[in-house]
Amino acid sequence: MGSRGRGGPGHGGPGRGGPGVNRYRPGPTPPDDVRMALARTLERVDTDLAAGRLPVARQRLRGLVSSYPQDRGVRRRLAEVYRLFGEPAEAGRWAYLEEDSDPRETAAFEERHPDPVRRMRAIGWRGQESAAHSPFAEARLASLRTAAEKRLGRSVDWDTLAAAGPEGSAVTENTPAEALGFVGCLVLVVAAAAIWVNGLVDLFD
């Protein structure tokens with residue numbers, strides 16, 4: 001995998017340079033209070049990463065993506081954290097709107113979500129595609145939405161589709177590893193309950 005340029009502790013900086021590469025361009029500046037809250041959380045992410053608290057950093061960034069779905073810099077940061085976890089499909093998911101994203105990660109994400117409707121939900125975009133402030137990202141969002149419309153046979157938009165359906169919201173969708181962890185915890189709870197019931201039965205025998 002080629003090297004990537006990294007930005008400061010705020011938004012992810014530009015990726016690989018060179019002619020024709022669509023570098024990250026932030027959108028309109030948010031209000032001061034929003035910008036300060038975002039910056040404080042990203043500082044905590046940097047602190048967590050420096051201390052090796054990868055799960056905490058990942059959770060903070062997932063929360064930021066949920067709160068600021070149009071912030072491609074936050075998406076890039078989350079993709080970087082998933083690379084540290086060795087999860088190319090999730091890295092490809094959150095770098096999906098970047099022209100310098102790794103093709104192998106993109107392919108892994110698309111293989112995990114071959115259905116364009118599920119892929120659209122997984123991206124978790126909100127609002128207008130023009131808010132991406134990148135010709136590449138806007139074209140990719142529009143292409144994915146068009147494929148989802150063809151699949152469903154009706155018009156869709158990012159806000160209604162991402163919030164609807166049995167799959168739930170895109171940002172809270174768990175990876176296979178997280179799902180296995182939940183199942184493991186559930187098995188432990190059931191086993192503990194069974195032991196407790198057996199103990200009561202033995203007590204009254």
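Q: Hi! Looking at Tyr 82, is that residue buried or exposed?
A: Tyr 82 is buried, with a relative accessible area of 0%. Buried means under 20% relative accessible area, exposed over 50%, and partly exposed in between, using a 1.4 Å probe and protein chains only. Keep in mind that this is a predicted model, where local features need pLDDT of at least 70 and side-chain atom pairs count only at pLDDT 80 or more, while totals for chains, interfaces and linings use all residues. Residues are numbered from 1 along each chain as its sequence is written, and side-chain values use heavy atoms, with hydrogens and water left out.

Q: Thanks! Which helix is Tyr 82 in?
A: Tyr 82 sits in helix H3, residues 72–84. Helices (H or I, at least four residues) and strands (E, at least two) are DSSP runs, numbered from the N terminus.

Q: Let me zoom out. How many helices and strands does the chain have?
A: The protein chain has nine helices and zero strands. Of its 205 residues, 38% count as buried.

Q: OK, how do H1 and H2 sit against each other?
A: They are roughly antiparallel. The axes of H1 (residues 32–50) and H2 (residues 54–67) come within 8 Å and cross at roughly 160°. Axes here are lines fitted to C-alpha atoms, for helices over the stretch in contact, and angles run from 0 to 180 degrees between N-to-C directions. Under 35 degrees counts as roughly parallel, over 145 as roughly antiparallel, 65 to 115 as roughly perpendicular and the rest as oblique.

Q: Which residues of H1 and H2 meet?
A: On the H1 side they include Leu 38, Leu 42, Val 45 and Leu 49, and on the H2 side Leu 54, Ala 57, Leu 61 and Leu 64 are among them. Contact means heavy atoms within 4.5 Å. By class, the contact of H1 with H2 has nine nonpolar, one polar and three charged residues. For those classes, Ala, Val, Leu, Ile, Met, Phe, Trp, Tyr, Cys and Pro count as nonpolar, Asp, Glu, Lys and Arg as charged, and the others, Gly among them, as polar.

Q: What about H1 and H3, parallel or antiparallel?
A: Roughly parallel. Their axes come within 13 Å and cross at roughly 15°. Leu 38, Leu 42, Val 45, Asp 46 and Leu 49 of H1 make the contact with Val 74, Arg 77, Val 81 and Leu 84 of H3.

Q: Switching topic: which residues have the most contacts inside the largest nonpolar core?
A: Those are Met 120, Ile 123, Trp 125, Leu 141 and Trp 158, in a core of 17 residues. Helices H6 (116–123), H7 (135–152) and H8 (158–163) each supply at least two residues of this core. Apart from it lies another core of 15 residues, including Val 45, Val 65, Val 74 and Leu 78. A nonpolar core is a set of buried Ala, Val, Leu, Ile, Met, Phe, Trp, Tyr and Cys residues joined through side-chain atoms within 4.5 Å.

Q: Last one: what does Phe 109 touch?
A: Not counting residues up to four places away in sequence, Phe 109 touches Ala 89, Gly 92, Arg 93, Tyr 96, Arg 119, Ala 122 and Ile 123. Phe 109 lies in helix H5, residues 103–112, and counts as buried at 0% relative accessibility.
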